[in-house]
Amino acid sequence: MLDGGNIKMEFAAQIRGEECATAVRSALSGTGTVTIDVDKGSVLVETSLPWLEVHRRIEATGRRAVLTGFGGQSAVAMVDHGNEASNVRGVVRFCTVSSVAGQRGAVVDGTIDGLTPNGSYRLNVHECGDLSQGCSSVGEVYDSCEISTDERGRATVRLVNDRLDVSDLIGRSVVITRADNAGERLSCGIIARSAGIYENYKKICACDGVTIWDERNKSVL
C-alpha cells in the first residue's frame, strides 16, 4: 500500500455569486487544484486530502456542500450494519488510480466513527456482500489494512492500495474489526458503484424524491 494519490472530487455547493466562490477558494487554498462553476454550484478539487476534510473546509465558509462525484471509476460502502449496540459507522470510498503517477490500484478514502479513542483497528474487504446474517455472512477476508483512531474515536483513511481493482470490489463488503481480534466484526457495509466526476447533476434524489440538500441533512457523518 502507498500513501497519497491525487483524486478529483466534485461537490455541489450553495454558491451564490463570485463573493461566495472567493470564500470557498480561500478555504481550499493549499489543498490542490480548485475549479468553481458558480452557475452550476459545482466545486471541483484535485487533491490528496480525504474528501471529508475538503467537505469540512467548504462548509466552514457557511455554505452547505454535498459530494456528488469522486474520481473516475468509483465505489462506496456505507458502513452501518452490525451489532445493534454498536455505534460504529461511516463511509468508505474507492476510486481507480491507474492514471495517477504510474500507480495502479485504488485510492481508499473513508471515515469511521464510534471507535475507541487512540485505538488500532482493521478495515477489511470481504469476499461478498451477503448481509443476511449481518457481518457474519460476508465470507472470508479479501484484503485488509490497519487503521487507527484519533482522540475522538474517529479513523480517517486515505491511502493507495495497489492490490485493489475497483471493478472487482463492487458487490463485496467492508468490515471493521479490532486489530487484536479479527473475529470480532464491529460494523460492515456492501460496496456499491458510485458516481464519478461529472456523472451526477441531479437536483432531486431518485431514491426518495427529495432535493440533494434534504438528502445532505440525513448524512450519517
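A residue is called buried when its relative accessible area is under 20%, and exposed when that area is over 50%; anything in between is partly exposed. With these words in hand, helix α1 can be read. The model is a predicted one, and in it helix α1 covers residues 18-27, with Cys20, Ala21 and Val24 as its buried residues. These three span an arc of only 100 degrees around the axis, which means that they lie on the same side of α1.

Helix α2 is the next element to look at. This helix runs over residues 51-59, and its buried residues are Trp51, Leu52, Val54, His55 and Ile58. They cover an arc of only 160 degrees around the axis, so they too are on the same side of their helix, α2. Glu53 also belongs to α2.

Trp51 takes part in another arrangement. The charged end of Arg93 sits over the ring of Trp51, at 5.1 Å from the ring centre. A second case involves Arg172, whose charged end sits over the ring of Tyr142, 3.8 Å from the centre. Pairs of aromatic rings are another matter: a search of the whole structure finds zero of them.

The wider picture comes next. The protein chain has four helices and 14 strands. Of its 221 residues, 48% are buried. The accessible surface of the chain is about 10,500 Å², and carbon and sulfur atoms account for 45% of it. Contacts can also be sorted by how far apart the partners are in sequence. Taking contacts between residues at least 6 apart, 66% join residues that are at least 24 apart.

A disulfide is a covalent bond between the sulfur atoms of two cysteines. How many disulfides does a search of the whole structure find? It finds one. The partners are Cys135 and Cys188, with sulfur atoms 2.2 Å apart. Cys135 is in strand β10 (residues 132-135) and Cys188 is in strand β14 (residues 181-194), so the pair, 53 residues apart, links distant parts of the chain. The angle about the S-S bond is -95 degrees, and the link is left-handed. Cys135 and Cys188 are both buried.

Cys128, at 28%, is partly exposed.

Ser136 is in the loop between β10 and β11. Its relative accessible area is 52%, and because the limit for exposed is over 50%, Ser136 counts as exposed. Ser136 and Cys188 are 52 residues apart along the chain, while their C-alpha atoms are separated by 9.5 Å.

Strand β11 takes in residues 141-148, and Ser148 is part of it. Apart from neighbours within four places in sequence, Ser148 is in contact with Gly119, Arg154, Ala155 and Thr156. The C-alpha atoms of Ser148 and Pro117 are 8.8 Å apart in space, although the two residues are 31 apart in sequence.

The last stop is Asn118, found in the loop between β8 (106-113) and β9 (120-126). Asn118 counts as exposed because its relative accessibility is 61%. Its backbone has a feature to note. Most residues other than glycine have a negative phi. The phi of Asn118, in contrast, is positive, near 55 degrees.

Conventions
Residues are numbered from 1 along each chain as its sequence is written. This is a predicted model: local features need pLDDT of at least 70, side-chain atom pairs count only at pLDDT 80 or more; totals for chains, interfaces and linings use all residues. Side-chain values use heavy atoms; hydrogens and water are left out. Helices (H or I, at least four residues) and strands (E, at least two) are DSSP runs, numbered from the N terminus. Buried means under 20% relative accessible area, exposed over 50%, partly exposed in between (1.4 Å probe, protein chains only). Contact means heavy atoms within 4.5 Å. Accessible areas come from the Shrake-Rupley method with a 1.4 Å probe; for residues, only the protein chains shown count as cover. A disulfide is a pair of cysteine sulfur atoms within 2.5 Å. The arc is that of the directions from the helix axis to the C-beta atoms. Rings of Phe, Tyr and Trp (its six-membered ring) pair if their centres lie within 6.5 Å; planes under 30 degrees apart count as stacked, over 60 as edge-to-face and the rest as tilted. A charge sits over a ring if NZ of Lys or CZ of Arg is within 6 Å of the ring centre and within 35 degrees of the ring normal.
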